[in-house]
Structure formats: structure tokens, C-alpha cells
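Biologist: I would like to learn how to read the contacts and the sheet in a model such as this one. Could we begin with a charge and a ring, and then turn to the strands?

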Amino acid sequence: MAFIKDYAVYKFPFGWLQVEYVGGTVISLDKLDEERSGGHKTALTDRVFSQITEYLQGKRRSFDFPFQMEGTPFQKKVWNALQNIPYGETRTYKQIAEEIGNPKACRAVGMANNKNPMIIVVPCHRVIGANGKLVGYGGGLEMKRALLDLESKPLRKSKNSSPENS
């Protein structure tokens with residue numbers, strides 16, 4: 001049985017969050033500036049939105065819904081390296097380039113970051129310029145600053161805290 005690509009859109013603090021999925025797997029999370037009509041909310045998209053909301057409330061540090069990212073082998077290397085940046089820490093483009101074994105690929109790392117299909121979940125917001133400045137972020141620098149500020153605070157306990165939230 002072939003699955004059809006679909007999406008759901010949710011209002012969140014930075015505009016609208018579009019969750020794109022195929023079957024039971026998320027393939028893209030994207031910030032939209034305007035609401036998009038159509039799409040279909042499902043148990044999966046509700047779970048994704050719930051986890052993003054918990055993260056934005058400072059109650060979650062990791063995500064456990066199924067996702068798959070399509071990209072070039074180089075992009076996938078970069079996105080895998082991004083997932084190794086611990087919550088509350090940052091890396092430079094140069095550090096990511098070195099981690100993937102291509103120390104001169106700083107600009108290419110930046111371009112791969114720009115193509116990251118899973119905002120927040122694959123934390124490209126944790127990558128900063130060599131001088132410590134915030135540079136480039138698909139969601140905008142204001143959102144990047146807000147996410148980094150959020151991650152600089154201790155985890156808040158929720159009524160239903162569970163191990164996957166830490």
C-alpha cells in the first residue's frame with residue numbers, strides 16, 4: 001500500500017508549525033509565517049505538536065516520534081552531527097565541518113543547515129558563527145535566540161514528567 005504525503009498545521013509561538021508526514025513518519029517540520037489551509041491532523045501530528053509545545057515550555061529536551069529526512073549524503077552527515085549537539089550547548093560551523101571529517105566545508109555545513117527539514121528536532125539553531133554571533137536560521141534570528149535562551153534554563157518539571165522528557 002502506497003502512502004500519500006500529507007500535512008497538518010498548528011499555531012505556535014513563532015507563527016505556524018507545519019508537520020509534513022507520510023504514513024506514520026514525519027518527513028518535515030517547518031515554520032510558516034501564515035496559516036496554510038487544508039491538510040489533516042492525525043494522532044501522529046498531534047503527538048509531534050504536543051512534544052514541540054513541551055519543549056517550548058521548557059519541559060522536554062528530546063523527541064521520540066518517528067521521522068525520516070531526505071537529503072544528499074553530505075546533508076545527512078551534517079544533520080546527524082547536529083543531533084549530537086547536547087541540549088543547551090552550541091557548536092560552530094567549523095566544529096561541525098571538523099566533526100564530519102571535512103574541516104574546510106564550513107560554508108557547505110551552513111547550506112546543509114539551511115536545508116534542515118526538521119526545525120527544532122534536528123537542532124540547527126545550536127550552530128553559531130566562529131565569533132560566537134548568531135548567524136543564519138531558517139526560522140529567523142529572533143526564533144534562534146529564543147530557542148537558545150530557552151535551552152540555557154533548567155528543565156521545568158511537568159505533572160506527567162517521564163524519562164523521555166529529559
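Modeller: Let us start with Lys11, which lies over the face of Trp16 at 5.1 Å from the ring centre; a charge is taken to sit over a ring if NZ of Lys or CZ of Arg is within 6 Å of the ring centre and within 35 degrees of the ring normal. The charged end of Arg36 likewise sits over the ring of Tyr7, 3.6 Å from its centre. This is a predicted model, in which local features need pLDDT of at least 70 and side-chain atom pairs count only at pLDDT 80 or more, while totals for chains, interfaces and linings use all residues. Residues are numbered from 1 along each chain as its sequence is written, and side-chain values use heavy atoms, with hydrogens and water left out.

Biologist: In what order do the three strands of the open sheet lie?

Modeller: Strands of a sheet pair through backbone hydrogen bonds, either parallel or antiparallel. Here the order is E1-E2-E3 with antiparallel pairing, where strands (E, at least two residues) and helices (H or I, at least four) are DSSP runs numbered from the N terminus, and two strands pair if DSSP finds at least two bridges between them. Strand E1 (5–12) and strand E3 (25–32) stand at the edges, each with a single partner strand, so one side of each is left without a neighbour in the sheet.

Biologist: How many bridges join E1 to E2, and which residue of E2 is the bridge partner of Tyr7?

Modeller: Eight bridges join E1 to E2 (residues 15–22), and the partner of Tyr7 is Glu20. On the E3 side, Glu20 stands opposite Ser28, within a pairing of E2 and E3 that runs over seven bridges. A hairpin of two residues leads from E1 to E2, and two residues also separate E2 from E3 in a hairpin whose turn includes Gly23, with a positive phi of about 60 degrees.

Biologist: Is E2 largely enclosed or open?

Modeller: Seven of the eight residues of E2 are buried, so the strand is largely enclosed by the rest of the structure; buried means under 20% relative accessible area, exposed over 50%, and partly exposed in between, with a 1.4 Å probe and protein chains only.

Biologist: Which residues form the aromatic cluster?

Modeller: Rings of Phe, Tyr and Trp (its six-membered ring) pair if their centres lie within 6.5 Å, and planes under 30 degrees apart count as stacked, over 60 as edge-to-face and the rest as tilted. One cluster is formed by Tyr55, Phe63, Phe65, Phe67 and Tyr87.
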